[in-house]
Amino acid sequence: LHLILHVAMVAGQSEWWLRTVGSLLPNLITIWLVFKIGKELKQERASMFAAVWLATSSFVIFYAQELRQYALPALWATLGWWVLIKKDQTFRWPTFTG
């Protein structure tokens with residue numbers, strides 16, 4: 001998180017910018033990946049339900065408003081599962097889950 005924020009501070013140092021880059025964007029990517037995992041598993045309805053459930057979760061909303069590192073582990077874990085589920089990229093799974 002510190003490296004991401006260090007790079008983001010080149011573009012601006014306002015609080016809303018740092019919170020957007022450090023917390024909001026990883027949460028949005030996590031929601032998108034949850035949806036993609038459900039689509040990959042051929043569960044269209046469940047993928048939409050899971051994405052909406054995650055997007056409206058009070059835990060996710062609370063920590064998306066703060067500049068803390070909780071969004072990044074969730075992003076990496078979800079990305080690891082997505083890469084693991086993908087049929088053509090299973091050889092890369094230790095990169096994200098290890």
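**Cores, a surface patch and salt bridges**

Okay, let's start inside: Leu33, Ile37, Leu72, Leu75, Leu79, Trp82, Val83 and Ile85 form the largest nonpolar core, 8 residues in all. By nonpolar core I mean a set of buried Ala, Val, Leu, Ile, Met, Phe, Trp, Tyr and Cys residues joined through side-chain atoms within 4.5 Å. Buried is under 20% relative accessible area, exposed is over 50%, and partly exposed is in between, with a 1.4 Å probe and protein chains only. Who supplies this core? Helix 2 and helix 5 (71-85) each give at least two residues, and helix 5 has the largest share, with 6 residues. Helices here are DSSP runs of H or I, at least four residues long, numbered from the N terminus.

Before I go on, this is a predicted model: local features need pLDDT of at least 70, side-chain atom pairs count only at pLDDT 80 or more, and totals for chains, interfaces and linings use all residues. Residues are numbered from 1 along each chain as its sequence is written, and side-chain values use heavy atoms, with hydrogens and water left out.

Leaving out residues up to four places away in sequence, Leu75 touches Pro26, Ile29, Thr30 and Leu33, where contact means heavy atoms within 4.5 Å.

Now for the surface. Which residues make the nonpolar patch of about 460 Å²? They are Leu24, Leu25, Leu28, Ile29 and Trp32. Patch residues have over 30% relative accessible area and no salt bridge; like charges are joined within 9 Å, and nonpolar side chains (Val, Leu, Ile, Met, Phe, Trp, Tyr) within 5 Å. The areas come from the Shrake-Rupley method with a 1.4 Å probe, and for residues only the protein chains shown count as cover. Trp32 sits in helix 2 (residues 15-40), and Trp32 counts as partly exposed because its relative accessible area is 47%.

Last topic: how many salt bridges are there? The count is 3, taking a salt bridge as a side-chain nitrogen of Lys or Arg within 4 Å of a carboxyl oxygen of Asp or Glu. Arg19 pairs with Glu15 at 2.5 Å, N to O; both lie in helix 2, 4 residues apart, about one turn of the helix. Lys39 bridges to Glu44, with the closest N and O atoms 2.9 Å apart. Here Lys39 is partly exposed at 34%, and Glu44 is partly exposed at 44%. Finally, Glu66 and Arg68 meet at 3.0 Å, N to O, and Arg68 is partly exposed at 37%.
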